[in-house]
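Here is a short report on one chain.

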Amino acid sequence: MKVFKSMSVMFAALVLAVACGKEETPVIEYLDVTPNNLAGEWKLVEWSGAELSAETYFYVEFVRKDREFTIYQNFDSMGNIAHTSEGNFNIELDVELGPIIVGQYKYDGGLWSHDYEVNNLTKDSMEWIAADDPTFVQKFKRCEIPAELKK
């Protein structure tokens with residue numbers, strides 16, 4: 001019986017040692033593309049494969065309840081001047097592309113320049129691909145928008 005107990009303890013130790021030696025691949029939890037999962041503040045970190053320069057910024061805040069967005073950016077302004085835009089967004093399901101985010105600005109009634117496939121949405125990041133141009137890819141990271149921009 002002592003031999004059996006000793007062998008059982010040694011076997012358990014061996015299994016534990018083998019299990020601890022393996023590096024587990026982190027499991028990425030992808031989220032459904034819903035207004036609730038998009039809600040919050042995001043920063044554009046990559047534009048068509050290139051990181052934004054340090055002085056360029058583009059933040060977007062999504063408000064789930066009213067499906068509203070606010071964009072804070074100096075991306076398309078001369079002289080690094082901040083610009084804020086507000087509007088509404090919606091999530092539509094395209095049979096071929098999957099979830100698509102569409103947006104419309106409040107003040108001029110204009111639509112976003114593209115509708116975007118939303119891919120790889122996690123609690124901390126997401127990727128947008130222009131529905132009409134698969135080479136136009138934007139990557140976002142969840143963040144906190146600097147207070148000075150929200151004045």
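The chain has two helices and nine strands. Helices (H or I, at least four residues) and strands (E, at least two) are DSSP runs, numbered from the N terminus. The order from the N terminus is α-α-β-β-β-β-β-β-β-β-β.

This is a predicted model: local features need pLDDT of at least 70, side-chain atom pairs count only at pLDDT 80 or more, and totals for chains, interfaces and linings use all residues. Residues are numbered from 1 along each chain as its sequence is written, and side-chain values use heavy atoms, with hydrogens and water left out.

Of 151 residues, 32% count as buried (under 20% relative accessible area; exposed is over 50%, partly exposed in between; 1.4 Å probe, protein chains only). A nonpolar core is a set of buried Ala, Val, Leu, Ile, Met, Phe, Trp, Tyr and Cys residues joined through side-chain atoms within 4.5 Å. The largest one has 22 residues. Leu38, Phe62, Ile101, Met126 and Trp128 touch the most other members.

A second, separate core has five residues, including Tyr57, Tyr72, Ile145 and Leu149.

Val45 lies in strand β1. Val45 is partly exposed, at 26% relative accessible area. Lys139 is 94 residues away in sequence, yet 5.8 Å from Val45 in space, C-alpha to C-alpha. Beyond four places in sequence, Val45 touches Ala50, Glu51, Leu52, Lys139, Phe140 and Lys141 (contact means heavy atoms within 4.5 Å).
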